[in-house]
Amino acid sequence: MPIGQDIIKMDTYKLQKLENGLTIIYQNNISSSSINFHIGIVAGSRYERVGEYGLSHLVEHSISRKVTESLRTNLWQQSYVLSTFDAYTNKDFTKYYFEVDKSDLKIAINIINQLFAPEIDEISLKHEKSIVLREIAEDLYNQEEIFSDK
């Protein structure tokens, strides 16, 4: 086989809808020993009403903080999984993503459980709220700068 051909062998995407309404789209990559999780939730600024602006972003920050704190309790997980964990929120959805080795599916399931059943304390919530408010203010300022330059 010539070099560079068929290095990555993948099946086509498969879609499965669970009874709870969750839709899973997955693809098998036999050339990799890792599993990449990209979890999208329909929750973004487009769905927020007056008085709720920034709520999706706040929830994403708070959940991400709890997940990263739990990963920091184990040095191996910290260097391995934490380096791949990230999240963001936009107008249409909130997305969390991370990677684990196929042999560490239990770690992935623990992370997913934390995403869908978070335990957020008031101190963490207040801290993340201040960060999100600062980010919103920075975004508004940057938009003003962009429009005032033209």
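## Contacts, core and pockets of a predicted model

Of the contacts in the protein chain with a separation of 6 or more, 60% join residues 24 or more positions apart; contact here means heavy atoms within 4.5 Å. This is a predicted model, in which local features need pLDDT of at least 70 and side-chain atom pairs count only at pLDDT 80 or more, while totals for chains, interfaces and linings use all residues. Residues are numbered from 1 along each chain as its sequence is written, and side-chain values use heavy atoms, with hydrogens and water left out.

The protein chain contains 4 helices and 5 strands, arranged from the N terminus as β-β-β-α-α-β-β-α-α. Helices (H or I, at least four residues) and strands (E, at least two) are DSSP runs, numbered from the N terminus. Buried residues account for 24% of the 150 residues in the protein chain. Buried means under 20% relative accessible area, exposed over 50%, and partly exposed in between (1.4 Å probe, protein chains only).

In soluble globular proteins, nonpolar side chains tend to be buried together. The largest nonpolar core has 16 residues, and V67, V81, F85, F98, V100, I111 and L115 touch the most other members. At least two residues of this core come from each of β3, α1, β5 (94-101) and α3, and α3 gives the most, with 4 residues. A nonpolar core is a set of buried Ala, Val, Leu, Ile, Met, Phe, Trp, Tyr and Cys residues joined through side-chain atoms within 4.5 Å. Leaving aside neighbours within four places in sequence, F85 contacts S64, V67, T68, Y96, Y97, F98, I111 and L115.

| Pocket | Volume | Lining by class |
|---|---|---|
| Largest pocket | About 950 Å³ | 14 nonpolar, 9 polar and 1 charged residues |
| Second largest pocket | About 380 Å³ | 3 nonpolar, 7 polar and 3 charged residues |

On a 1 Å grid over the protein atoms alone, a pocket is an open set of points where a 1.4 Å probe fits, with protein on both sides within 12 Å along at least five of seven lines; lining residues have an atom within 4 Å of a point. Grid points are joined across faces, edges and corners, and a volume is the space filled by probe spheres set on the points. Ala, Val, Leu, Ile, Met, Phe, Trp, Tyr, Cys and Pro count as nonpolar, Asp, Glu, Lys and Arg as charged, and the others, Gly among them, as polar.

Among the 24 residues lining the largest pocket, I24, I25, Y26, N36 and F37 lie nearest its centre. The strands β2 (23-26) and β3 (34-41) and the helix α3 (105-116) each supply at least two lining residues, with β3 giving the most, 7 residues. In the second largest pocket, lined by 13 residues, S45, E48, G54, I136 and D139 lie nearest the centre. There, α1 (55-71) and α4 (122-148) each supply at least two residues, and α4 gives the most, with 4 residues.

T89 is found in strand β4 (residues 86-89) and counts as buried because its relative accessibility is 19%. The T89 side chain makes polar contacts with the side chains of E60 (2.8 Å) and T94 (3.3 Å). A polar contact is a pair of N or O atoms within 3.5 Å; within protein, one must be able to donate a hydrogen and the other to accept it, and residues adjacent in sequence count only if both atoms are side-chain atoms. V42, by comparison, lies in the loop between β3 and α1 and is exposed, since its relative accessible area is 65%. Not counting residues up to four places away in sequence, V42 touches Y47, D92 and F93.
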